[in-house]
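I opened the model and kept notes as I went. The entries below follow the order of my look-ups.

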Amino acid sequence: MKNKRKVLKKVLKNKSVLLGVSGSVASYKAVDLIRRLREEGLSVTVVMTEAAGNFITRLSLEVASQNRVCTDLFSNPMAHITLPANADIFIVAPATANIIGKFANGIADDILSTCFLSFKGKVAIAPAMSWRIYENPFFQDNLKALLSRGVVQIGPDKGSLACGEEGMGKMADIATIVERIKSMLTKKDLQDEKVLVTAGPTREFIDPVRFISNRSSGKMGYSLAQAAFRRGAEVTLISGHSTLDRPDGVKFISVETSNDMLDAVNKEIESSTVFIMSAAVSDFMPLEMSEEKIEKSGELFLRLKQTPDIVSEVSKKRKRPFIIGFAAETGKHTERARRKLKEKNMDMIVFNDVTEPGSGFDADTNKVIIIDEEKETELPLLPKDSVADAILARMIEIRA
Ligand SMILES: Cc1cc2nc3c(=O)[nH]c(=O)nc-3n(C[C@H](O)[C@H](O)[C@H](O)COP(=O)(O)O)c2cc1C
């Protein structure tokens with residue numbers, strides 16, 4: 001029980017973010033950013049510039065953060081010391097050209113720039129501005145000066161800007177900013193690992209337009225790839241068809257069929273220390289694929305054969321990585337998962353009953369039992385991100 005609690009402890013719980021908001025058309029996005037950070041279990045305190053007050057009210061930021069917002073250096077005499085001293089990370093989003101210039105030159109003439117100078121931890125900035133300003137060499141020099149001192153830059157992206165023009169300067173997506181903050185706050189306990197993850201369904205073609213597949217969305221594998229990267233691993237994700245965004249910082253290989261997936265795994269496996277087979281390979285493929293679209297007429301009989309067993313191929317290798325497999329069952333057949341663990345010579349298997357509420361295909365949550373030689377760890381229904389972290393935590397425990 002104690003162990004279970006340790007595994008589930010939210011990585012980011014009790015961590016606090018000091019969020020600086022400067023005066024940009026993107027300032028209103030800070031509300032959404034605060035909401036998403038709080039959903040991750042982080043507490044957020046906001047410091048805003050006077051210019052930011054032209055774009056967003058202090059009240060909105062107070063309501064979103066459920067904390068008092070500091071706007072002025074002199075009406076809160078100790079805030080520029082106490083707020084940075086109590087924060088685990090300092091992020092400025094959006095960061096204007098002006099505030100970046102002040103940071104780079106050690107200017108401390110308002111609450112935000114003074115907090116920056118007194119902060120001792122990791123700082124990230126999410127610039128937002130017109131492409132004309134972004135490309136300006138004075139601005140670029142200031143940006144480079146900050147980066148050379150270890151400040152982390154998140155974005156900006158290329159896109160259509162508030163001025164009506166297209167170019168580089170759009171603030172990074174909120175999801176990207178949140179992911180980078182999570183990564184900066186995460187202990188790098190997989191730093192020396194090369195993790196290979198497979199995800200999503202495979203497609204086994206009947207003819208050029210039809211295929212056999214399954215309902216896998218890829219969410220579990222994508223969460224695992226992202227979580228491993230966040231913990232410092234070098235990650236490669238081999239994915240069947242999925243509509244999900246590619247995880248940040250991960251080498252991505254797109255495949256369609258189980259044979260494509262096997263080829264890609266064989267190419268990558270030699271250099272991998274951990275292999276996570278979370279893809280839902282279609283277990284069967286047509287005996288042969290028709291070169292032409294099969295005409296619709298009467299009944300059609302398909303003869304199927306088994307697709308390659310990717311996990312077994314990997315576990316047979318002389319120099320094999322740590323192997324984590326998945327067993328999706330309809331019913332609580334943990335004994336089948338245990339058998340699979342042994343037969344396929346895996347190190348861990350993650351069992352889930354896809355008929356359980358919130359645990360099926362395409363769900364954002366999963367209820368799993370992590371099975372290894374030593375024990376079974378049953379987790380409650382959790383977001384797939386948390387499941388991914390629990391799986392990696394157990395792997396680290398086993399290998400320690
Ligand atoms: C409508 C409008 C939009 C602006 N948007 C931006 C912006 O996106 N990025 C930026 O660097 N400056 C922008 N500015 C200029 C800043 O608000 C200005 O440089 C201000 O002094 C920044 O102050 P601060 O850095 O203390 O918040 C904008 C100004 C106006 C009037």
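Which residue is the bridge partner of leucine 196 in β13? I looked it up, and the partner is phenylalanine 275.

**Ground rules.** This is a predicted model, where local features need pLDDT of at least 70, side-chain atom pairs count only at pLDDT 80 or more, and totals for chains, interfaces and linings use all residues. Residues are numbered from 1 along each chain as its sequence is written. I take helices (H or I, at least four residues) and strands (E, at least two) as DSSP runs, numbered from the N terminus. Two strands pair if DSSP finds at least two bridges between them.

**Domains.** I noted domain 1 as 13–185 and domain 2 as 194–289 + 303–399. These bounds come from an automatic or database domain assignment. Taken over C-alpha atoms, the domain centres are 37 Å apart.

β8 (194–199) pairs with β13 (274–277) in the parallel sense, over four bridges. I then traced the open sheet of eight strands: β12-β11-β8-β13-β16-β17-β19-β20, with mixed pairing. β12 (251–254) and β20 (376–378) each have a single partner strand, so one side of each has no neighbour in the sheet. From one strand to the next, the twist averages 15°. Helix α14 (384–399) packs on this sheet and touches β13, β16 (322–329), β17 (348–353), β19 (368–372) and β20. The direction of α14 makes about 15° with that of β19. For contacts I use C-beta atoms, placed from the backbone, within 7 Å. Axes are lines fitted to C-alpha atoms, for helices over the stretch in contact, and angles run from 0 to 180 degrees between N-to-C directions.

**Five-stranded sheet.** I read the order as β2-β1-β3-β4-β5, an open sheet with parallel pairing. At its edges are β2 (43–48) and β5 (152–153), each pairing on one side only. I checked β4 (122–127) against β5 and found two bridges in the parallel sense. Alanine 124 stands opposite valine 152 of β5. Helix α2 (29–39) lies across β1 (16–21), β2 and β3 (89–95), and runs at about 175° to β1.

**Helix pair.** How do the axes of α2 and α3 (58–65) cross? They cross at roughly 10° and come within 9 Å. I listed the contact residues: Ala30, Val31, Ile34 and Arg35 from α2, with Ser60, Leu61, Ala64 and Ser65 from α3. By class this contact has five nonpolar, two polar and one charged. Ala, Val, Leu, Ile, Met, Phe, Trp, Tyr, Cys and Pro count as nonpolar, Asp, Glu, Lys and Arg as charged, and the others, Gly among them, as polar.

**Ligand shell.** I counted 15 residues around the ligand, with Ser22, Gly23, Ser24, Ala51 and Thr96 nearest. A residue is near if its C-beta atom, placed from the backbone, lies within 6 Å. Helix α5 (97–104) gives the largest share of the shell, three residues. The shell holds nine nonpolar, six polar and no charged residues.

**Backbone exceptions.** Most residues other than glycine have a negative phi, and most peptide bonds are trans. I found a cis bond between alanine 93 and proline 94, with omega about -5°. Proline 94 is in strand β3. The bond from glycine 155 to proline 156 is also cis, with omega near 5°. Proline 156 is in the loop between β5 and β6 (157–160). Glutamine 66 has a positive phi, near 60°. Glutamine 66 is in the loop between α3 and α4 (79–85).

Terms used
Two residues are in contact if their C-beta atoms, placed from the backbone, lie within 7 Å.
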